[in-house]
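Here is a short briefing to read beside the sequence and the coordinates. It starts with a question, then moves topic by topic.

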Amino acid sequence: MDFNRIIELASYTLPAIVTGFVAYSFFELHIKNNDKKRNFLLNREAHKESLPIRLQAYERMTLFLERINLTKLLIRIAPISNEKHDYENFLIDQIEHEFEHNLTQQIYMSDECWTIITTAKNSTIQIIRKTAMGDRVDSADKLREKILNDLLEKQSPSNAALAYIKNEVSELW
């Protein structure tokens, strides 16, 4: 009689346990799906709001790179005196000022992109300093001329950074 009672009890509790397990699994899956949907909607909304800000940061850094492009920089900024060191320092100060003005834009772009922009800035400064050290360069006009002639053979460092920015922005879509 005890064995029949155990089987009868098991025949009632086993379906209840299975039904409870299925219901628990279903509700857990339903809650996870709702959380994923909610997170997706929040991310999509945040992306809508942050995308214009990020694009503006890329625009500002593109403008920065265009402004420090050596060809454009040397045409835009005339020598302040005939001394090559005065002109060299003035050009470098202009680049540093532009960079400091756009420093906050780094929070809106990838670390790799920011590193490439910083490298382009430093390479531009290095080209100016290296050219100014040359023996044939004895005046501001000669410095300007020598840098422009050298750029005919190779491109400005900012061009590579601009290409990287364009690539990164195209991935945002």
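Which residue forms a salt bridge with Glu98? The partner is Arg67, and the closest N and O atoms are 2.6 Å apart. The pair ties together distant parts of the chain: Glu98 is in helix H3 and Arg67 in helix H1, 31 residues apart. This is a predicted model, and the points below are to be read as such.

**Salt bridges**

- A search of the whole structure finds five salt bridges. Among them is the Glu98 and Arg67 pair.
- Glu98 is buried, with a relative accessible area of 14%. Arg67 is partly exposed, at 29%.
- Lys121 and Glu96 form a salt bridge through their side chains, at 3.2 Å from N to O.
- Lys121 is buried, with a relative accessible area of 6%. Glu96 is partly exposed, at 26%.
- Asp35 pairs with Arg38 in a salt bridge, with the closest N and O atoms 3.4 Å apart. The two are about one helical turn apart, because they are three residues apart in helix H1.
- Asp35 counts as partly exposed, at 35% relative accessibility. Arg38 is partly exposed too, at 49%.

**Nonpolar core**

- The largest nonpolar core has 36 residues. Leu65, Met109, Ile117, Ile128 and Ile165 touch the most other members.
- Helices H1, H2 (70-76), H3 (84-101), H4, H5 and H6 (157-170) each supply at least two residues of this core.
- In soluble globular proteins, nonpolar side chains tend to be buried together.
- Leaving aside residues up to four places away in sequence, Ile117 touches Met61, Phe64, Leu65, Met109, Ala161 and Ile165.

- Phe99 lies in helix H3. Is Phe99 buried or exposed? Phe99 counts as buried, because its relative accessibility is 9% and the cut-off for buried is under 20%.
- Phe99 touches Phe64, Trp114, Thr118 and Lys121, not counting residues up to four places away in sequence. Lys121 is the residue that bridges to Glu96.
- Phe99 and Thr118 are 19 residues apart in sequence, and their C-alpha atoms are 8.6 Å apart in space.

**The loop at Ser139**

- Where is Ser139? Ser139 is in the loop between helix H4 (111-132) and helix H5 (140-153).
- Ser139 is buried, with a relative accessible area of 11%.
- A polar atom of the Ser139 side chain lies 3.2 Å from the backbone nitrogen of Lys142.
- Ser139 touches Asn82 and Lys84, not counting residues up to four places away in sequence.
- His85 lies in helix H3 and is partly exposed, with a relative accessible area of 43%. The C-alpha atoms of His85 and Ser139 are separated by 8.3 Å, although the two residues are 54 apart along the chain.

**Surface patch**

- Which residues form a nonpolar patch on the surface? Leu14, Val18, Phe21 and Val22 do, with about 410 Å² of accessible area together.
- Val18 is found in helix H1 (residues 2-68). Val18 is partly exposed, with a relative accessible area of 46%.

Definitions and conventions. Residues are numbered from 1 along each chain as its sequence is written. This is a predicted model: local features need pLDDT of at least 70, side-chain atom pairs count only at pLDDT 80 or more; totals for chains, interfaces and linings use all residues. Side-chain values use heavy atoms; hydrogens and water are left out. Helices (H or I, at least four residues) and strands (E, at least two) are DSSP runs, numbered from the N terminus. Buried means under 20% relative accessible area, exposed over 50%, partly exposed in between (1.4 Å probe, protein chains only). A polar contact is a pair of N or O atoms within 3.5 Å; within protein, one must be able to donate a hydrogen and the other to accept it, and residues adjacent in sequence count only if both atoms are side-chain atoms. Contact means heavy atoms within 4.5 Å. Patches are made of residues with over 30% relative accessible area and no salt bridge: like charges are joined within 9 Å, nonpolar side chains (Val, Leu, Ile, Met, Phe, Trp, Tyr) within 5 Å. Accessible areas come from the Shrake-Rupley method with a 1.4 Å probe; for residues, only the protein chains shown count as cover. A salt bridge is a side-chain nitrogen of Lys or Arg within 4 Å of a carboxyl oxygen of Asp or Glu. A nonpolar core is a set of buried Ala, Val, Leu, Ile, Met, Phe, Trp, Tyr and Cys residues joined through side-chain atoms within 4.5 Å.
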